[in-house]
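Open the model in your viewer and keep the selection tool at hand. The stops below go from helix packing to pockets.

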Amino acid sequence: MTITAPTSRTPQGKTSPTAPSPAPRPRRRTTTGAARRTATGAAALLWTAVVIVPVYWLVVTSLRARADFTTGDPLALPGHPTLDNYRTVLAGDFTTYLLNSVLVTVTTVALTVAAALTAAFTIVRHRTRLSQLTFRVYLLGLAIPLQAVIIPVYLLIIRLHLYDSLAAIVLPSAAFALPITVMILVSFLRDVPRSLFEAMIVDGAGDWRLLLSLAAPLARPALMTVAVYDGLQVWNGFLFPLILTQSADKAVLPLALTLYRGEYGINVPATMAAVVLSTLPMLALFILARRQLVAGLTAGFSK
């Protein structure tokens with residue numbers, strides 16, 4: 001017995017075999033994509049909790065009375081919130097420590113950005129062996145840990161008669177902030193079209209005019225990025241103030257937080273209040289410069 005394929009009649013009256021219908025395609029499984037999105041969302045929530053919970057505990061603890069600190073749930077809202085810890089901090093020398101931190105941070109950032117912008121402009125515009133060697137030396141500075149050279153830095157500050165002064169904090173902080181700042185600015189300035197520089201050179205502009213009228217305005221997002229980054233590092237710096245200063249009137253905020261430790265214990269709520277107050281200036285700076293900061297983080301790395 002033979003099996004013949006079904007036929008269909010054509011318009012001319014002829015018959016032709018009918019093609020079998022294609023098998024239905026299996027639907028794509030979306031289980032893997034859903035599981036991946038779920039895992040990503042769970043990881044994001046976990047990371048948010050890791051960041052938010054310490055900040056929440058910090059603020060809540062600063063509003064507790066010292067006698068109530070060890071009682072109850074540490075993450076629960078205080079039953080009787082108080083601002084006495086903030087009054088205690090502000091009644092002391094907190095203003096002096098704040099002014100010292102502001103002076104050190106602003107001076108360090110200004111020196112670092114000015115020196116780094118000049119060095120980056122020279123490295124990008126004058127591609128000589130000396131400039132490339134200088135850039136490699138700056139990159140080498142990224143591999144030198146601060147703790148490894150603290151003794152030579154201490155001896156150098158002693159020889160310069162700068163010990164126990166704010167300049168003893170500013171100069172080493174600016175030196176160690178230069179490598180990363182130069183690297184970011186060089187990456188940004190390399191993306192500036194050379195035709196812009198050549199057009200100004202045709203008009204008779206020199207290097208200083210190119211730097212101040214062209215490079216600096218175009219590099220504003222990158223300058224804001226490195227300024228915020230360097231400022232944050234200097235603001236939170238602890239090792240240089242600890243080693244290179246000793247007077248109370250030269251203390252900065254990270255070092256001053258240790259002053260709330262007594263003979264038999266530490267005033268944790270007052271310390272947390274001081275920490276909250278010390279974070280407000282950098283938080284305000286970040287909020288004001290967030291657009292420039294994001295633009296600087298995403299620019300200059302297209303090549």
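Angles under 35 degrees count as roughly parallel, over 145 as roughly antiparallel, 65 to 115 as roughly perpendicular and the rest as oblique. Axes are lines fitted to C-alpha atoms, for helices over the stretch in contact, with angles from 0 to 180 degrees between N-to-C directions. Helices are DSSP runs (H or I, at least four residues), numbered from the N terminus.

The model is predicted: local features need pLDDT of at least 70, side-chain atom pairs count only at pLDDT 80 or more, and totals for chains, interfaces and linings use all residues. Residue numbers start from 1 along each chain as its sequence is written, and side-chain values use heavy atoms, without hydrogens and water.

**Stop 1: helix 3 and helix 9**

Select residues 94-125, helix 3, and residues 220-235, helix 9. Their axes come within 9 Å and cross at roughly 140°. Helix 3 and helix 9 are therefore oblique to each other. Now show side chains in contact (heavy atoms within 4.5 Å). On helix 3, pick out Leu-98, Val-102, Thr-105 and Val-109, among others. Their partners on helix 9 include Leu-223, Val-226, Asp-230 and Trp-235. Colour this contact of helix 3 with helix 9 by class: 11 residues are nonpolar, 5 polar and 1 charged. Here Ala, Val, Leu, Ile, Met, Phe, Trp, Tyr, Cys and Pro count as nonpolar, Asp, Glu, Lys and Arg as charged, and the others, Gly among them, as polar.

**Stop 2: helix 3 and helix 7**

Phe-121, Val-124 and Arg-125 of helix 3 meet Arg-194, Phe-197 and Ile-201 of helix 7. The contact of helix 3 with helix 7 has 4 nonpolar, no polar and 2 charged residues.

**Stop 3: helix 3 and helix 8**

Leu-117, Thr-118, Phe-121 and Arg-125 are the helix 3 side of the contact. Helix 8 brings Asp-207, Leu-210, Leu-211, Ala-215 and Ala-216.

**Stop 4: the pockets**

On a 1 Å grid over the protein atoms alone, a pocket is an open set of points where a 1.4 Å probe fits, with protein on both sides within 12 Å along at least five of seven lines; lining residues have an atom within 4 Å of a point. Volume is the space filled by probe spheres set on the points, which are joined across faces, edges and corners.

The largest pocket has a volume of about 420 Å³. Centre on Leu-146, Ser-173, Gln-233, Val-234 and Gly-237, the closest to its centre of 21 lining residues. Helix 3, helix 6 (167-189), helix 9 and helix 10 (239-244) each supply at least two lining residues. The lining of the largest pocket holds 15 nonpolar, 5 polar and 1 charged residues.

Which residues lie closest to the centre of the second largest pocket? Select Leu-232, Trp-235, Asn-236, Thr-279 and Met-282. The second largest pocket has about 280 Å³ of space. Helix 12 gives the largest share of its lining, 6 residues.
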